[in-house]
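Here's a quick walk through one protein model, written for someone with the structure open on screen. Have a look at it, then read on.

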Amino acid sequence: MDRMLARTMEPRASTPTKRLEAIRQLSDAGIPASVMVAPIFKDWLLRHYPDRYRHVMSLIRSMRDGKDYDSEWGK
C-alpha cells in the first residue's frame, strides 16, 4: 500500500488505492476478482534494498520448501 514503493516497482501502473478500488467495483458488480502478488524479483530487491535481500529471500524460501520459486505453490 506504499505509494512510493509501488511507483518504484511499477512506474506506470495504477496506485495501490486505485487497484483496490477497481477490485471492489468489479466485486460489487458480481464479477469475480482477485489479487495476484508476483514473485519478488531478486535483481530489483538487490538494487533497491540490498540490506533486506537476505531476510526477504529467506522468508520466501521458508514458504516454498527452500525454493525461490515454485510453480505449484499453493496447491
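## The cavity lining

Sorted by residue class, the lining of the largest cavity holds three nonpolar, two polar and four charged residues. Here Ala, Val, Leu, Ile, Met, Phe, Trp, Tyr, Cys and Pro count as nonpolar, Asp, Glu, Lys and Arg as charged, and the others, Gly among them, as polar. The residues in question are Arg-3, Ala-6, Arg-7, Glu-10, Ala-13, Ser-14, Thr-15, Pro-16 and Arg-19. Helix 1 makes the largest contribution, three residues, and helix 1 and helix 2 each put in at least two. (Helices are DSSP runs of H or I, at least four residues, numbered from the N terminus.)

How many cavities of 30 Å³ or more does a search of the whole structure find? It turns up one, and the volume of the largest cavity is about 30 Å³. A cavity is a set of points on a 1 Å grid, over the protein atoms alone, where a 1.4 Å probe fits but cannot get out, and lining residues have an atom within 4 Å of a point. Grid points are joined across faces, edges and corners, and the volume is the space filled by probe spheres set on the points.

## Ground rules

This is a predicted model, so local features need pLDDT of at least 70 and side-chain atom pairs count only at pLDDT 80 or more, while totals for chains, interfaces and linings use all residues. Numbering runs from 1 along each chain as its sequence is written, and side-chain values use heavy atoms, with hydrogens and water left out.

## Thr-15, in the loop

Thr-15, one of the lining residues, sits in the loop between helix 1 (3–9) and helix 2 (16–28). Is it buried or exposed? Thr-15 counts as buried because its relative accessibility is 9%; the cut-offs are under 20% relative accessible area for buried, over 50% for exposed and partly exposed in between, with a 1.4 Å probe and protein chains only.

Leaving aside residues up to four places away in sequence, Thr-15 touches Arg-3 and Arg-7, where contact means heavy atoms within 4.5 Å. Its C-alpha atom is separated by 9.1 Å from that of Met-4, 11 residues apart along the chain.

Helix 4 (residues 53–63) buries Tyr-53, Met-57 and Ile-60. They lie on the same side of helix 4 because they cover an arc of only 60° around the axis, taken from the directions from the helix axis to the C-beta atoms. Arg-54, His-55 and Ser-62 are exposed on the other side.

Helix 3 (42–48) is part of what covers the buried residues of helix 4. The largest nonpolar core has five residues: Trp-44, Leu-45, Tyr-53, Met-57 and Ile-60. Helix 3 and helix 4 are the elements that give two or more residues to this core, and helix 4 gives the most, with three. Such a core is a set of buried Ala, Val, Leu, Ile, Met, Phe, Trp, Tyr and Cys residues joined through side-chain atoms within 4.5 Å.

## After helix 4

Asp-65 lies in the segment after helix 4. Its phi is near 50°, a positive value in a residue other than glycine. Asp-65 counts as exposed because its relative accessibility is 73%.

Terms used. On a 1 Å grid over the protein atoms alone, a cavity is a set of points where a 1.4 Å probe fits but cannot get out, and a pocket is an open set with protein on both sides within 12 Å along at least five of seven lines; lining residues have an atom within 4 Å of a point.
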